[in-house]
Structure formats: C-alpha cells, structure tokens
Amino acid sequence: MSVETATKSIALIKRVLSQSGGPTGPFMPAGLGTRSAPPPPGVEPLTLTALSGVEDLDRDELVLTALAGTPVDRVAQEAAAVGLVLCPLIPLGTGGTLGGLYASGSESPCAPVEGHLRDAVLGVEGLTGSGAPIKSGGRVVKNVTGYDLTRFLCGSRGALAVITRLHWRLRLLPTDSIEVVIDCPATDVGARLRALRALPDPTAVRIDLNAGRTRVRALIEGGRPSASARAEQLKRGLGPGAEILSVPDEQLAPWLAPPAGTREHASVRGWIERIEELGTQSDGVATVFPYIGVGTTSAPPASAPLDAIPFGGEITRRVRSAWDPEGRLWDPHRPVPREVLS
Amino acid sequence: MPGRSDAALFKTLARILPRTRIITDSGERSLYDTDGLALYRGVPGAVLLLENAEEVIAAVRACHHHEVPFVPRGAGTGLSGGAVPLDEAWILDVTGMDRIIEIDPLESLARIEPGVVNLDLDRAASDYGLRYAPDPSSQRACTLGGNIAENSGGPHCFRHGMTTRHILALEVVLPDGTLTSLGSRSGATAGPDERGLFVGSEGTLGIAIEATVALIRRPEQVRTFLASFSSLAASCRAVSRIIASGARPAALEILDRLTIAAVEASVFRAGYPTDAEAVLLVEGEGSPAEIEEETAHVRAACSAEGALTFEEADDLEARTRLWRGRKGAFGAMGRVARDLYVLDGVVPRRALADVIEKIAAIGKKYELILSNVFHAGDGNLHPNISFDARDPEQTTRVLAAGAEILELCVAAGGTLSGEHGIGIEKRDHMGLVFTELELETQTRLRDAIDPRGLSNPGKVFPGGRSCVEAGHRGPGHAARVERIIG
C-alpha cells in the first residue's frame, strides 16, 4: 500500500505518522526508487515525490533550498541555468530525488578535495517517526547551533526520519575538466598512487583494471590556464607514458560513477593490494576510487561488502528508540515477520 | 540507584588514579572554574587528570555509577562557557592524552589522542608535506578534543571546511561508559553519520578518546593579500565579488578601524594602514598558475570597490607579518579594556555590511566599545565588546548588547554560532532559532544517549541548570585568558 496521496504537504505527512488508525506502517520514505531497494514485505512506502519544488536558489550566497521530493536532475538543471552546480560533484543523470540522494548518503569521488556529500548539505528539516519536527542547520555555511542533525541524518535511509526540506551548497560550474592518465601493470599501481600523493591534489582519482592492465586516472577541474598547468605537473610527476585527455561535459557523470559490480570498501593501501591480486586474474575487472575507499570488482569481495556493515551503531539504536518508540519508520535491522514471509 | 555520591566516587577513583591526579584542593579546583569566555564561572567538585583511554573509561563509568556530573575538558580555550562546570560537576581533564599515535602519509591521515594541541599536529604533519587544516585563533593552545567537541573553525575553514570535515573516525565513551566507534578511516559511514552528530555536541554526548583525522597536502604556493578600504561596506562587497568571480581563496578576513588601531599600537603590529576603515586579508593557495588566477580575481574585486591600498606577499616573513595582526587581534584588544567579550554570530554574506552597521548602533545604544574582526567569506561575525567585568552594571549592558546582536544575526537569516558553540552563553537564545518542539526533538536525542544528564549538564539547551556566576572571577583570570588567546 502506498500513501503517496498523503504526502503532498508536510502537515499531511505529520498526520500520517502521528495518527492512530489508517495506514499503520512501518513506513519507508521513498522517492523515485533509484537508490534503494523496494520496501521489504510488511513495510509501506511513504512516497514523497509530490513534495517537490526548488523554493529558493541564491546565486550570490551559493545555496539552494528544495523540498525533498524534488528530482535531482531538475535541481541540477535549475542550478546549471545560472552557472552553478551542486556540491560535491556527484554522478548526475542517474535520476532520483534530492531527499533520496541525501538519505542514501551517496559518496562523491571528489570527497578528499571537496568534502563528502554530507559536508555540502547546510541544513535539513523533517519529521521523526512519531511526527515530531526536526530542524538543523540552515542557509548559512557555518553553523554550530544545536546538534548537527544535518550530518547525522545523511545516509539514514529513512529509518530515523522523513526528510522534507534541504538546504544545499552550490558552486560555480567548472570551466574545464581534464584528466591525466597513465597505463601500467597492476603491480605498479602502488608506485603511481604514491607519486600522486606528492603532487597537487587532483579533484578525484580513479583506477580501472581490465585483464591485468590498469589505468590510473586523475581528474582535474578549474580555470583553463591553471587546470592545464596542474595537469602538466601531474603528467610529469606520473612519469613517461602519462597523457592529458579532455573530459567532455557528457563524460563527467560516467567518469564519477563506478559500473555495476561487487561493491568493496578498503583503504588506499588495501586497494593497492587488491588491485595487484585482481591483476593476476585474467578476468579481473575493477573500478576503484581509492581516495574515498570504495570500488566495484568482478570478483567476490575480499573483505566485508558495504551492505554487510551494520546500519549505524549504539547511538543510532538509542536515537531511534527515543524518536520513534512505536516503530512507525522501517528498521533496517528488523527481521521480516514470519506471517509476512508465509 | 544510590543518587549522587561524590565521596563514593572519590573512593572508587582513588583505587584507579594516583592521588596526585585527583585534585580536590579548593584553590586548585578554582583554576578550572572558567574557559576562554570572561563571563561565567563554576567551581568543579574535583578535577581528574587523565592520561589514557582506560582511565577515561573508568572515570566515566564511575561517574555514571555514582551519578556525579562531569565535564570533559581540554585546554579550556572555548569561548561559550562550554567547559565551565555547573553544579560542581567533576572535570575530566584529558590534556595528558597528547600522543600522536600514527601519521600515515599514503592514506593522508593521523590518529591522535584528544589532548593533542592543534598546532602540534599541524607541525608533525608538515614533516610529511601534510597539514591539519582547521586553525582556530587559539591553535597554539587548544586541543583537538576540544575542537571536536565544539566543531571549531578558523580563518582557513573558508576553503577547507570546519573540524567536522576533517574528522574521519572517533573512538568515543558514551556518558554511561559504553565504548563505541564512529565513522571509518576513509571517512565513509554506513548508515547515519554518528561521527557527524558527535562532532560539535559540546561534550554532552560523551568523550572522544581517540580520533582519526584527515590531513591535506601543504599548498605548493601561498600568497597573502592585504587591501584597505574607506568603508567596511566596501570591504564586504569586495568579498562577495571575489567569491562570485570563481576564486577559491583559503581565507577572507576583515578587521575594522578600531581593531586596526589596537593591533598597530600593540606588539602584533602588522603595518595595517591606520587611516583605513577596514582591511581585508585574503590568502590564496595552490599551484603557481592557480595563484596567478586568484591574484587577478582578488585585485580586480578590490579595485572595483575602490581599495585604498593593495599589498601582496609571497615570502613567509611578509605573510607572517600580515597574519600577525589578524591572529593577534584579540590579544591586542587588551589595550582597549581589561576584558573582551568575543561574540560569534553568522549572517548571509550579503547582509554583512548592513548587520555590522546595526551592530555599531547597538554598541552606541549601550554605550560600549565595540569592534569587529570576522571571517567575511563565511559571513561569520566576531563583534568584540571591550569592557571591565569588575563593573556589574557594565557587564549587564554587555550581556544585553550581546543578546541583541544575536537576535540581529538570526533576523538577518543567520544563526547564533558559527564556531564557538552554544555552551552556557547562548543556551537561552536557542529559542530564536528553534521552536519548542524542535528543541524537544534534540533534547530527546541527548536524553537517549545520556538519560541521567551527567555529561556536561546545563549546556546547549535552554532551561538547563543555572548554578553559574556571571561577571568578574577575581585576579588571575585575565592573565590566564591572555596567555591562551594572545
């Protein structure tokens, strides 16, 4: 059962969460379904796509305010129309809602330079499972007033709160995107990454492995003269064989997005070892963003995959109990009831 | 439960800690009665000097068992009364936990204990071509544990972000003694960002006993610019122009006329033009090509706003001189009056000039000496009120003016604090930002983590315990604060 008709206003969402009788939940807040699996049996979707609209886009302050059900692509288009882009650079064109992007805690390959997605969200409004209002942060870039629920709820997947409104940081569209690439054997990846660490920071680093060969790719953004100069520096630092390629606008999203595969988490050092190991396998395929610790491989994971990591810890458990004692929002840890399975 | 028992707690801890690290003497305890804010004090029931994680865990568990409130404390340089013990809470001093456990250049991170001084980490990282970016004015003294508790900022946070952006993972003792790990070495989180919630929670959710922090590459080149203006409004408009141009300076700081005069008359003299109404200090960093781009943007913006003078500095000596005035500004204000109340409000950048004008009017209304040093790029104001805390009537006017300034910031679309935290100072102003129900959601969260309300009680939220004295706290305090921020 979907309660989409009830989600056109925040007041109605509150009523759904607070009232006894009617749909009882537990509810899973849902957007366009691009970033999460469908609700498990026994959990009702609380579809928020009707709660949509960019309420304010301030080019001077570089901040926008939008309702959670606003499609990300629409937000991106409106920002691009005034020469701005959402922070940090994330693979766009993949659909979904702004609330979904936030609640999924999507990672940005540019995190080491630009910050994580959670660092780009300036404020959040929403409701707890019992319908109590949540407000944190706002439209200014520095804000330590009260608990940082803005960061806490990023990645909370609708299990702690229904997100209704977000204040998001913007930046100017980059004038130039180029990459420096070098092809090398998988066993040389460690040396290349160590060399990169001593060079001007690229916006993002990606490693593509295919059949024992690897390509180390460093993305650079900025004004044209300085981006080119940094690229030249990186090219020299990476050694013979490195080359500079342009990244056309339409190629930026695929550059930032790993293809499908087994998702793995590892440190930079861990990824160096893993690439070396996969490189010995004739069918070894991997796309790795080593600086943010994630990648996808064609092989079974060497370590625990992301999905096996528990959802939050002791703090999350306690907050969930306090904010949602009746369990009106879905619980990623709760086993599906037997009667539903049968 | 037996209820609060300080005597039983002492007995328990005496079995764990050497007697010399349990301070009970009233004179020594009174040294911990305040922090960097010159307005509030409260004497702790006792002070525990803790030197390792096991001791912190044992102390917190004992406090929890005996229902004795406690206040985690680093160097005590905070500016919102966050480390002031209320209701004779016990101080858990972690300045003895000052080990840098690991620096990993490949992963660009360090593992540290909470008592490590901010600047010490930065210096240690420099051996590897790395640095720790957040640089609060007190960075020579403040500890990273305190920075984590307050989500501290600093001039270079304009480009590099606040403390929270640089904390990858934490080992934390919750107020009931439960140990928990937050975040990860890559900074990624699985599910809610518990790490992000803990940073900036002002000691109300427990104590960090270890942190993994991100280090960033030291810039290849740095250039510092100083522009002077005939009006504060022009300097603020120049900041907006710089940002709109696409430049990404590391810092954008403004000092007003009164501050310039105080700095130039002090040991922090930096050569700022004393006939200017404001100076704008900008720092660019990056590759030589990036620096040239930034220079063109900054020069054009300052010129468009009619800068009176424009200076560029590349070499370390000249840059250090330009920064000396900014970094010594709070210390220099000691020449104006014996006490200084450093406020911390945030407004949208476009409102800066208007709000500063109104702040000046508030100063006049209350007949106070008011100056401004601020992080203009972030819209983070630091109106400074010079006063004599020995005069209760004057102190009352200072507090009233401070409250009005905070109201002004919120009304302009801003907020109560950009980097100092709420502490005691602003807890009763939280209603300006949040409704009662919104605050209740936050206090429910706090109560879920700390049902007995033992960890730094009376802070952040209105209606907290109020056993605190406002005003002058006797001789010695001014000297101590001067050491910290000077």
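Tutor: The expected span of a helix is 1.5 Å times one less than its number of residues. Helices (H or I, at least four residues) and strands (E, at least two) are DSSP runs, numbered from the N terminus. This is a predicted model, where local features need pLDDT of at least 70 and side-chain atom pairs 80 or more, while totals for chains, interfaces and linings use all residues. Residues are numbered from 1 along each chain, chains are lettered from A and ligands numbered from 1 as written, and side-chain values use heavy atoms, without hydrogens and water.

Student: How far does helix H15 of chain B reach from its first C-alpha to its last?

Tutor: Helix H15(B) covers residues 392–411, which makes 20 residues. At 1.5 Å a residue, 28 Å is expected. The span in the model is close to that, at 29 Å.

Student: Which helix of chain B do the buried residues of H15(B) pack against?

Tutor: Buried means under 20% relative accessible area, exposed over 50%, and partly exposed in between (1.4 Å probe, protein chains only). In H15(B) the buried residues include Val398(B), Ala401(B), Ile405(B) and Leu408(B). Their packing partners (contact means heavy atoms within 4.5 Å) include strands S17 (339–342) and S19 (369–375) of chain B, and the helix among these partners is H14 (352–365).

Student: Which residue stands opposite Val71(B)?

Tutor: Strand S4(B), residues 70–73, has both faces covered, with Phe70(B) and Pro72(B) buried on one side and Val71(B) and Arg73(B) on the other. S4(B) pairs in the parallel sense with S5(B), residues 90–93, over four bridges. In S5(B), the residue opposite Val71(B) is Ile91(B).

Student: Which residue is the bridge partner of Ile22(B)?

Tutor: S1(B) and S3(B), residues 47–49, run antiparallel and are joined by two bridges. In S3(B), the partner of Ile22(B) is Leu48(B).

Student: In chain A, is Pro38(A) buried or exposed?

Tutor: Pro38(A) lies in the loop between strands S1 (27–30) and S2 (44–47) of chain A. With a relative accessible area of 67%, Pro38(A) is exposed.

Terms used: Pairing = 2+ DSSP bridges.
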